[in-house]
Amino acid sequence: MSEIRLTHLNITNYRSFKEVQRFRFPSADYQKPISIIGYNNSGKTTLMNAILYGIGEKFINQKTFELVDLHDLDNDNQIEIKTRIEASQYGENQYGPQTIAGDYIIKTEFVDGEIKSSISKSFFGANKHYNIFYINFHKIKDEIAIKKSSWGTLTSFLSKHIKKLIESDLLISSRRDNFIQNITEQTSEILNNTSLSSFIENIRLNYENNLRNNNCHIEFGMPNYDDIFLQMLFKIGLNGDNDKLLPINQLGDGYISMFVMAVIQSIAENNTEDKCLFLFEEPESFLHENHQEYFYKMVLCPLAEKGHQVIYTTHSDKMVDIFDTKSIIRLEFDEQDKKTILKYNDINEFNPSSTPIISLQNFNSFIKSIEPNLNKILFSRKILLVEGPNDLLTYNYIIEKKAFDMTGNDSYSKAYLNFKNISLAVHHGKATAFLIADLCKHFGINYYLINDWDLEYLSNSDIENYDTLEELQQSDIYLNSNRIIRNPTEKGIITTNWRLIKSSISNQIHFNRKNLEQVIGYDSNDKDSLSIWNILQQKSEFTIDIFPESLNEFLEFI
């Protein structure tokens, strides 16, 4: 039985990473796949490459890394990648047990005008004793190609497993000599006295002359026994048609993805004793949303449940378990300092101090507000949270107008938020705003809250200076000693507004007083979106009562 598991990874000065970022992976008793998430160019692929180097799947020699691999292309930023691997013993020699387990440090140095790479300690080819499967689903056709690299190591996850089966199958081994003899005899019989055999002999004579009469032998025949299996092709007959078979790599990417799914499942089913390490890049590629969820539930989760370690990058919220954030690693790219930052990687049990953010207790709010916005929350750099559909309509319009006034480019103004990787989402009310805000804080996502104030006789400053809810409830405002409050419902509004102020990021909350409609001058209570749209188009500018300076700063207009 072999077992391998990555437990720790530190990255310094490697490509988009600058200061050391420390990653921790859950122990073997946590049987869930680990997702690496983040928007485009946040550093996911760089992290995956660091893993591949750190476990020995990418070969390290003195010239492995170049200037392009150093952070900010600066020779002062020399790379350091540290990994800790847990693994079983695969043998024993005069020095003791043989295993890949241990701590590894990959470094670069700038010596004599060159970047030189080194690793301490060496892997000593130990990788071949463990089942490590790396699949880049962006290059899905290459991933199922059965081939060897120039180094003599298998590059395809599929050929790697086939080679293992060949080497371990006693029945195949027992038939080997007979197979080789039959192939040799049949090939000789077919070629004997043919024009092809004459052509081969002519090649031999010319080659012999070119080598200055070196007496050489040339054989034209089948590949080596072991290589035959690695050069065979899977052929597929779809819809029950066995007469028209196509090589798998000639099918569409969607079909290939589903085939790879079946291969992965079969590898896991075959390795009942071994514990593998599966590394996937964006397995949702070429898959429809429903199949993405199917792949997560039927392939990734069962792999992890069998004890295999599964680490993958993704852009899909369908490939993430939001109810168990222990399984999530989230990256961001700091635009100001131009570096990748680890924003979330908590392998402790998910135990918020208050009501769990995501739970069955809050399932109704989750379905209403969080689930439709989940992709925006997880994969955006910032998120602007507004209260309702008319708020979304209004702020989207104002943002487009501001972007157009700034650049004069209509297309850019419509894509301004996309360009900045800022999402605009509706939270559908103050109660659910708390949940989304808590989720953003949990994952380290920068957010800005916009809500209706819903009161006319109080302002933010009247309540925000109370440090605790108890102090607010003992105040004249709450006790109604001056008869300001007209009904008990307004006490709840005051409490909710105070809680929103206290739970928000400093200077990143705005209230429309009394509500959005009143601020833009819409007098009716029917909340008709078309009427609001017509009013918006009549306005030439929008003042701080609806678009404060703090929002301008958050959206990077100033």
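User: How are the axes and angles of helices defined here?

Analyst: Axes are lines fitted to C-alpha atoms, for helices over the stretch in contact, and angles run from 0 to 180 degrees between N-to-C directions. Helices (H or I, at least four residues) and strands (E, at least two) are DSSP runs, numbered from the N terminus. The model is predicted: local features need pLDDT of at least 70, side-chain atom pairs count only at pLDDT 80 or more, and totals for chains, interfaces and linings use all residues. Residues are numbered from 1 along each chain as its sequence is written, and side-chain values use heavy atoms, leaving out hydrogens and water.

User: Why is H11 called roughly parallel to H20?

Analyst: H11 (residues 389-407) packs on H20 (residues 529-538) at about 20 degrees, with the axes 10 Å apart. Angles under 35 degrees count as roughly parallel, over 145 as roughly antiparallel, 65 to 115 as roughly perpendicular and the rest as oblique. Therefore H11 is roughly parallel to H20.

User: Which residues of H11 and H20 meet?

Analyst: Contact means heavy atoms within 4.5 Å. From H11 come Asn390, Leu393, Thr394 and Tyr397; they meet Ser529, Ile532, Trp533, Leu536 and Gln537 in H20. By class, this contact has five nonpolar, four polar and no charged residues. Ala, Val, Leu, Ile, Met, Phe, Trp, Tyr, Cys and Pro count as nonpolar; Asp, Glu, Lys and Arg as charged; the others, Gly among them, as polar.

User: How do you know that Cys301 is in no disulfide?

Analyst: A disulfide is a pair of cysteine sulfur atoms within 2.5 Å. The structure holds zero disulfides. For Cys301, the nearest cysteine sulfur belongs to Cys276 and is 17 Å away.

User: What makes Cys301 count as buried or exposed?

Analyst: Buried means under 20% relative accessible area, exposed over 50%, partly exposed in between (1.4 Å probe, protein chains only). Cys301 has 9%, so Cys301 is buried. Cys440 has 0%, so Cys440 is buried too.

User: Why is Lys160 called partly exposed?

Analyst: Its relative accessible area is 22%, so Lys160 is partly exposed. Lys160 sits in helix H3 (residues 157-168).

User: What is the phi of Arg15, and where does Arg15 lie?

Analyst: Phi of Arg15 is about 50 degrees, positive although Arg15 is not a glycine. Most residues other than glycine have a negative phi. Arg15 lies in the loop between strand E1 (4-12) and strand E2 (21-24). At 34% relative accessibility, Arg15 is partly exposed.

User: Which bond joins Ser120 and Lys121?

Analyst: A cis peptide bond, with omega about -5 degrees. Most peptide bonds are trans.
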